[in-house]
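Please look through the sequence and the three-dimensional model shown here before reading on. The paragraphs after it lead from one residue to its surroundings, and from there to other parts of the chain.

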Amino acid sequence: MELSAQILDNLQAVHHRIALACKRSGRHPSDVQLIAVTKYVSLDVMRVAVQLGLTHIGENRWQDAKPKWEALQPQGTWHFIGHLQTNKVKDIVGKFSYIHALDRLSLAQAIDKVAQQLGIQVHVFIQVNVSGESTKFGLHPQELFSFAADLRSFEHLHIAGLMTMAPHESDAESTRPIFRQLRLLRDQLNQQAILPYDVQHLSMGMSNDFEIAIEEGATWIRLGSVILSNQLA
Ligand SMILES: *Cc1c(COP(=O)(O)O)cnc(C)c1O
């Protein structure tokens, strides 16, 4: 099959699964936005994906993303989904509209500073390590509220929401409590009015577990292999 027909096939299957998960949970598919995670694929594959309408693009390393960003930049909205080193902030801010893994104040400060210089606002997600796995980045849930309160002083950050990664489970259903807890944390953050505006979004759900994440309230899902896996070189 031709490359674009393959990706289109995958995409249609994914949209069907998104629609079913929304139906099961009484949600509307337009409330769930899809980020195509392109970290594994070449620029040629990405061109096809973008042409098929996959314009929200997720990358997790600047070194790998750079040639892709330079080639496709105006056609996409770029999401930095990986752990971000402070010395890479100057490369990312101004190019990536969304940063999904804010996990420390020094990083918030660095992003805010570059955003201020550029006169822009950056949308950030606070990464929470709900599962508590030592291999994962992110704040402990108990640290979240004081961390969010400290973010109020950064005028060039807009806190779009919370982000988490669930452990990879052979039975996706067992990820549900992780996603549910992230939603509850968001709701508590808003009930306690820790920030001057409501935090809306939940960035959660990957190829293995996105339906469960949607059922628990995901507004941004980050999908790589389920859309692009037969393109992996
Ligand atoms: C790679 C990656 C994804 C996508 O993973 P798939 O399992 O291929 O869908 C999503 N989120 C983050 C943070 C990633 O690093």
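Ser207 is found in the loop between strand E7 and helix H8 (210–215), where helices (H or I, at least four residues) and strands (E, at least two) are DSSP runs numbered from the N terminus. The structure is a predicted model, in which local features need pLDDT of at least 70 and side-chain atom pairs count only at pLDDT 80 or more, while totals for chains, interfaces and linings use all residues. Residues are numbered from 1 along each chain as its sequence is written, and side-chain values use heavy atoms, with hydrogens and water left out.

Is Ser207 buried or exposed? Ser207 counts as buried because its relative accessible area is 19%, and buried means under 20%, exposed over 50%, and partly exposed in between, with a 1.4 Å probe and protein chains only. The side chain of Ser207 makes a polar contact with the side chain of Ser225 at 3.2 Å, and it also reaches the backbone nitrogen of Val226 at 3.0 Å. A polar contact is here a pair of N or O atoms within 3.5 Å; within protein, one must be able to donate a hydrogen and the other to accept it, and residues adjacent in sequence count only if both atoms are side-chain atoms.

Ser207 and Ser225 also belong to the surroundings of the ligand, which include Val37, Lys39, Tyr40, Asn60, Met206 and Leu223 as well; a residue is counted as near if one of its heavy atoms lies within 4 Å. By class, this shell has six nonpolar, four polar and two charged residues, where Ala, Val, Leu, Ile, Met, Phe, Trp, Tyr, Cys and Pro count as nonpolar, Asp, Glu, Lys and Arg as charged, and the others, Gly among them, as polar.

Which atoms of the protein lie 2.8 Å from an oxygen atom of the ligand? A polar backbone atom of Gly224 does, and so does a polar backbone atom of Ser225. A polar side-chain atom of Arg222, for its part, lies 2.9 Å from a nitrogen atom of the ligand. Taken alone, the ligand exposes 390 Å², and the protein buries 90% of that, with areas from the Shrake-Rupley method and a 1.4 Å probe; for residues, only the protein chains shown count as cover.

Ala193 has a positive phi of about 50° although it is not a glycine. Most residues other than glycine have a negative phi. With a relative accessible area of 52%, Ala193 is exposed.

Gln127, in contrast, is buried at a relative accessible area of 5%, and its place is in strand E5 (residues 122–127). A polar atom of the side chain of Gln127 lies 3.3 Å from the backbone oxygen of Phe137.

The C-alpha atoms of Glu2 and Arg180, which are 178 residues apart along the chain, are separated by 39 Å.

Within helix H1 itself are found Ala21 and Cys22. Ala21 is buried, with a relative accessible area of 0%, and the value for Cys22, which is buried too, is 0%. The C-alpha atoms of Ala21 and Glu169, 148 residues apart along the chain, are separated by 19 Å, whereas those of Cys22 and Leu144, 122 residues apart, are separated by 28 Å.
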